[in-house]
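Please find below a colleague's note on the structure under discussion. The points are numbered so that each can be read beside the coordinates.

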Amino acid sequence: MSELITEHLNSEKSVNATFHKNCMVDGDKKYATVKRNTATLENVIAAVKQNNPLVSETIIRMMATEFKIAVLQKLGNGEAVNVFDLGIMYLNSRGGIDAQDPTVEDVPDLGIGFVPSKEAKSSVAGVFVGGVVAENTDPAIRQFTDLFTGQTGHEATEGMPLQVSGERLKIAGDSNRTGVFFAPVKTDGSMNSDEQTWVKASHVFQNMPKTISLILPPELKAGTSWFVVVRTSSSHGKREVKSVREATSARPLAIVSAGDAAITP
């Protein structure tokens with residue numbers, strides 16, 4: 001069987017890369033990751049249709065489905081599969097074995113590996129890095145959820161639990177400098193930058209990278225509004241850095257009384 005003809009001319013494309021600090025070595029070393037722009041099955045079918053306009057999309061979709069079923073059957077039989085001369089999908093087993101005399105029961109769960117072919121590797125020769133960005137390690141606040149009412153938005157019930165959602169929020173580091181703070185809103189709608197007026201949450205009962213849950217401090221009375229500020233020295237899970245990173249909510253949080261809160265049925 002002859003190899004598939006997969007080469008396309010005039011297909012030079014650019015990708016974006018992100019620089020990350022390499023924490024596995026000493027010094028200011030970095031590594032780059034390429035931002036994925038994933039082509040879906042629908043995108044692939046559309047490309048096949050464009051290259052073969054006389055073949056119906058129904059036939060292309062049917063054949064794609066049949067190839068998928070066949071590949072899964074081969075993998076399910078414990079076989080490695082040559083996927084259209086693009087590379088080999090194979091079964092592997094990753095993880096350590098502590099037993100001195102291991103048996104089949106000690107083998108870690110099986111997974112899937114992939115080794116790209118020379119043809120697949122050469123297909124990216126025309127791709128170039130069009131832009132680079134530094135890794136964003138700052139926390140970000142995306143959403144508030146009033147755990148008393150179950151409502152998301154910018155209202156929270158006085159004295160009740162609040163969930164703050166976002167990225168890289170986990171509180172870690174010097175407790176005198178980190179935590180969840182509430183900064184009052186000034187008459188012009190801006191945040192009061194005088195930290196003497198801020199209120200720190202003392203009861204945080206969930207502290208995760210994507211969610212922080214806390215009890216609103218008693219100083220936050222119904223009828224007042226506050227910006228939420230998260231400060232942390234956490235970086236990538238359990239690691240900590242010397243600096244303190246900060247996220248501030250884009251809009252203030254309005255405090256309402258329990259009687260005025262709309263509870264989700």
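1. Basis of the note. The model is predicted, so local features are reported only at pLDDT of at least 70 and side-chain atom pairs only at pLDDT 80 or more, whereas totals for chains, interfaces and linings use all residues. Residues are numbered from 1 along each chain as its sequence is written, and side-chain values use heavy atoms, with hydrogens and water left out.

2. The helix pair. Helix H1 spans residues 41-51, and helix H2 spans residues 57-76. Helices are DSSP runs of H or I with at least four residues, strands are runs of E with at least two, and both are numbered from the N terminus. The axes of H1 and H2 come within 10 Å and cross at roughly 130°. Axes here are lines fitted to C-alpha atoms, for helices over the stretch in contact, with angles from 0 to 180 degrees between N-to-C directions. H1 and H2 are therefore oblique to each other; angles under 35 degrees count as roughly parallel, over 145 as roughly antiparallel, 65 to 115 as roughly perpendicular, and the rest as oblique. H1 passes H2 in a right-handed crossing, a term used if the near helix is turned clockwise from the far one by less than a right angle, with left-handed for anticlockwise.

3. Glutamate 42 and arginine 61 form a salt bridge through their side chains, at 2.8 Å from N to O. The term requires a side-chain nitrogen of Lys or Arg within 4 Å of a carboxyl oxygen of Asp or Glu. Because glutamate 42 lies in helix H1 and arginine 61 in helix H2, the pair ties together parts that are 19 residues apart in sequence. Glutamate 42 counts as partly exposed at 43% relative accessibility, and arginine 61 also counts as partly exposed, at 30%. In this note, buried means under 20% relative accessible area, exposed over 50%, and partly exposed in between (1.4 Å probe, protein chains only).

4. Other salt bridges. How many salt bridges does a search of the whole structure find? The search finds seven. Among them, lysine 74 pairs with glutamate 79, with the closest N and O atoms 3.9 Å apart. Lysine 74 is partly exposed, with a relative accessible area of 40%, and glutamate 79 is partly exposed at 34%. Arginine 142 and glutamate 167 also meet through their side chains in a salt bridge, at 2.7 Å from N to O. Arginine 142 lies in strand S7 (residues 140-146) and glutamate 167 in strand S10 (residues 161-167), so this pair ties together parts that are 25 residues apart in sequence. Arginine 142 is exposed at 59% relative accessible area, whereas glutamate 167 is partly exposed at 23%. Salt bridges with shared partners join Glu42, Glu57 and Arg61 into one network.

5. The nonpolar patch. Val55, Ile59, Met62, Met63, Phe67, Phe84, Leu86 and Phe114 make a nonpolar surface patch of about 670 Å². Patches consist of residues with over 30% relative accessible area and no salt bridge, like charges being joined within 9 Å and nonpolar side chains (Val, Leu, Ile, Met, Phe, Trp, Tyr) within 5 Å. Areas come from the Shrake-Rupley method with a 1.4 Å probe, and for residues only the protein chains shown count as cover. Helix H2 gives the largest share of this patch, four residues. Isoleucine 59 is found in H2 and counts as partly exposed at 40% relative accessibility.

6. Positive phi in a loop. Most residues other than glycine have a negative phi. Phenylalanine 84, although not a glycine, has a positive phi of about 55°. Phenylalanine 84 lies in the loop between strand S3 (81-82) and strand S4 (87-93) and is partly exposed at 37% relative accessibility. Aspartate 85 is placed in the loop between S3 and S4, and has a positive phi of about 60° although it is not a glycine. Aspartate 85 is partly exposed, with a relative accessible area of 24%.

7. Two spatial contacts. Aspartate 109, in the loop between S4 and strand S5 (110-116), is exposed at 72% relative accessible area. Its C-alpha atom is 8.6 Å from that of asparagine 92, 17 residues apart in sequence. Arginine 231, in strand S15 (residues 225-235), counts as buried at 14% relative accessibility.
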